[in-house]
Amino acid sequence: MSERVETESRKLLGRLRDAMAGDDPGQARLDKITHLIADSIGTEVCSIYLFRDEETLELCATEGLNPESVHQTRMRLGEGLVGRVARRREVVNTANAPAARGFRYMPETGEEVFSSFLGVPVQRLGEALGVLVVQSKDAREYSADEIYALEVVAMVLAEMTELGAFVGEGSAMGKRHSQPVMLRGTIAQEGVAEGHIWLHEPRVVVTNPIADDPHRELERLHDSVEELRVGVDKMLALASADKEQAEVLEAYRMFANSKGWMRRMEEDIANGLSAEAAVEKEQSLARARMGQASDNYLRERLSDLDDLSNRLLRILTGQGKDTGADMPPDPILVARNIGPAELLDYGRALKGIVLEAGSVGSHAAIVARALAIPLIVHADRATLEALNGDHVLVDGEQGIVHLRPDDQVVSAFRDKMAMQAAAAERYVSIRDKPAETLCGEVISLNMNAGLMADLPSLDGSGAEGVGLFRTELQFLIRNKMPKRSELSALYARVLDAAGGKKVVFRTLDIGSDKVLPYMKPNDEPNPALGWRAIRVGLDKPGVMLMQLQALLRAANGRPLSVMFPFVAQFEEYTRAKALMDKAIERERTLGNVLPEKVEVGSMLETPSLAFAPQKFFEEVGFLSIGGNDLKQFFFAADRENERVRRRYDTLNVSFLSFIERIVERCEITDTPLSFCGEDAGRPVEALCLAAIGLRNLSMRPASVGPVKSLLRRSNLAEVRKVIADARHRGEMNVRPAIMEYLRQQG
Ligand code: PEP
Ligand code: MG
């Protein structure tokens with residue numbers, strides 16, 4: 001790029017800044033800007049189109065087109081050349097606009113006399129705000145330097161738009177981030193919440209997009225990049241033992257040292273942008289590419305670059321995460337993503353969580369579930385739209401976030417919350433009553449847990465005890481293997497918090513979807529069928545023994561219940577049980593206090609175990625059906641795959657018959673049996689499970705009330721008959737018959 005072009009560009013930005021300096025109303029500013037761009041670049045037309053709503057662009061200011069068409073001419077996203085620039089976020093440069101693909105004639109503008117057209121997107125951090133266009137009569141393509149100059153101006157326009165420079169009397173635009181917005185996402189934890197936005201990482205505000213002294217800006221950029229590099233190197237040194245983290249940081253380092261990245265930012269500065277604006281320009285481009293990249297690897301690298309740019313902006317502006325703002329009393333956390341440990345730091349203070357990334361099975365989702373905080377993931381644009389303190393409603397039943405909702409939405413939402421509160425109230429009234437059916441059967445209802453944070457629910461929910469304590473969660477939320485002493489202290493606290501109620505600890509169930517950040521990842525072709533749970537435990541007996549010892553010590557004289565996950569054959573149970581015996585023996589030799597009694601059981605989550613020899617049923621201390629896994633293997637349908645996971649119903653006759661078979665085998669050998677998959681917490685499913693003979697169900701704490709309520713109103717003998725009749729009629733699924741029966745019961 002020649003020095004002349006640099007000087008021209010700097011001059012243009014200098015004029016732009018002067019034009020913005022006064023306190024003109026927004027429209028006057030826009031008018032001045034179009035005038036001076038046309039004048040500086042030497043074109044007949046310069047126009048600014050801004051988004052009116054997500055789909056509509058409006059001509060907001062023009063030099064050269066018919067002034068009457070300002071605020072009249074509108075086009076939809078993708079319509080005409082302007083719409084094309086906005087949709088594809090790319091430059092359109094043509095010498096013969098009327099002949100270009102997608103051209104749409106707008107007679108009111110009088111643009112038919114202009115042949116050449118150059119449009120560049122006005123975008124900020126991947127968010128399209130509008131389009132900046134120049135046109136001229138002579139048929140010519142604009143040069144790379146002219147395109148570049150216009151892009152730099154567009155960048156400044158975007159910053160100014162964000163800062164609200166075009167808002168005010170006679171304005172072209174409404175105030176940004178002030179309209180109601182509805183975002184759709186995926187439900188990761190159900191529930192509804194009303195509150196105010198708390199941004200986990202408040203965005204960096206760039207107030208000085210234009211700078212006069214490129215030398216000073218270059219120096220600021222270089223100093224900050226150096227600080228960034230040193231920071232990344234330090235993190236890398238600390239993380240060298242952690243392969244995965246080190247890989248990410250290596251990618252960061254690669255970017256921090258990338259010559260192309262630096263060169264482009266240096267050019268932007270030479271053309272008149274401040275160092276911050278130069279970083280943000282690159283970041284915007286990366287975000288726009290990220291939105292279009294289908295390749296996962298590329299997306300991840302672009303997201304690394306995005307993260308790095310944020311760090312650099314924070315160094316440059318001195319704006320940390322702490323903006324001095326106070327967290328609202330009813331915070332709804334909004335973030336691109338969040339780690340489980342950070343989420344635990346916020347704890348129960350949060351009323352709801354909205355993430356742009358994340359996934360239903362992520363560790364953050366596990367924590368949100370444990371804390372019973374409604375969580376929506378994949379809520380696109382959440383961090384772009386939300387401002388700290390905004391009023392927000394999170395509808396974790398529908399997967400919708402209402403940002404700055406209008407009164408009607410608020411009142412409908414509050415009605416819904418009131419209905420839920422009334423239902424919860426009803427459950428409180430039966431909290432201390434047994435789950436006794438009308439025919440006199442008593443079902444033991446327990447809760448599933450995995451974190452200390454779950455334990456307070458034991459009293460509130462009315463659960464008898466903890467039927468499944470998933471010990472892997474403690475491993476998943478850390479970034480290094482916990483020590484035996486830490487685990488034992490933690491398990492002791494769990495038992496203390498349970499206050500004598502029974503807690504069934506499940507040994508480490510890792511592998512498949514639960515990958516420990518500090519364990520070497522295994523590239524398995526099919527992780528759900530791979531090296532997981534008890535298979536890892538038996539192959540790595542050191543870890544298993546360590547955990548068993550921690551449990552024995554935690555019990556410290558109290559009774560202890562332990563079960564092994566994912567046992568597929570008798571011998572696996574025998575070997576695991578032998579490890580427990582060994583651990584007990586070791587504790588005895590060390591003179592440590594042993595538990596009052598130790599119950600050792602197994603989960604039943606593979607169909608094969610249902611057909612194990614009778615001797616297994618006689619020897620095992622107790623069995624707990626892991627319905628989530630059992631169902632996935634029974635129907636050969638991946639529980640993590642959205643396309644198939646809801647395809648097969650638990651109330652399918654084949655599955656119910658299979659469970660019934662397990663119940664019968666346990667009755668013969670007098671083996672205690674429970675069911676702890678998600679289905680146990682669904683009232684209709686729970687009712688059918690009870691009808692076919694299950695007397696112990698373990699579920700999410702919030703499900704205990706609804707399940708108990710239905711059981712207390714039901715007669716299991718009648719339900720059994722409904723199931724038998726449906727089978728007799730040859731129905732594939734008993735659900736329709738059960739629903740009809742329940743409807744008749746009112
Ligand atoms: C199950 O598989 O049903 C179960 C309870 O275990 P998890 O969901 O932890 O695999
Ligand atoms: Mg399981």
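Ligand 1 is surrounded by 14 residues (those with a heavy atom within 4 Å of the ligand), and the closest are Arg 470, Arg 506, Gly 626, Asn 628 and Arg 639. This is a predicted model, in which local features need pLDDT of at least 70 and side-chain atom pairs count only at pLDDT 80 or more, while totals for chains, interfaces and linings use all residues. Side-chain values use heavy atoms, with hydrogens and water left out, residues are numbered from 1 along each chain as its sequence is written, and chains are lettered from A and ligands numbered from 1 in the order in which they are written.

Polar contacts to the ligand come next (pairs of N or O atoms within 3.5 Å). An oxygen atom of ligand 1 lies 2.7 Å from a polar backbone atom of Asn 628, and a backbone N or O atom of Gly 627 is 3.0 Å from an oxygen atom of the ligand. Arg 639 takes part through its side chain, with a polar atom 2.8 Å from a ligand oxygen.

Gly 627 also opens helix H22, which spans residues 627-634 and packs with helix H23 (residues 653-669) at an angle of about 125°, their axes 11 Å apart. Helices here are DSSP runs of H or I with at least four residues, and axes are lines fitted to C-alpha atoms over the stretch in contact, with angles from 0 to 180 degrees between N-to-C directions. H22 is therefore oblique to H23; angles under 35 degrees count as roughly parallel, over 145 as roughly antiparallel, 65 to 115 as roughly perpendicular and the rest as oblique. Leu 630, Lys 631 and Phe 634 of H22 are in contact (heavy atoms within 4.5 Å) with Ser 654, Phe 655, Phe 658, Ile 659 and Ile 662 of H23.

Helix H18 (residues 541-555) can be followed through two pairings. With H16 (residues 484-498), H18 packs at about 45°, the axes being 8 Å apart, and the two helices are therefore oblique. Among the H16 residues that meet H18 are Leu 487, Tyr 491 and Leu 495. With H19 (residues 570-590), H18 packs at about 55°, with 9 Å between the axes, so this pair is oblique as well.

Conventions. A polar contact is a pair of N or O atoms within 3.5 Å; within protein, one must be able to donate a hydrogen and the other to accept it, and residues adjacent in sequence count only if both atoms are side-chain atoms.
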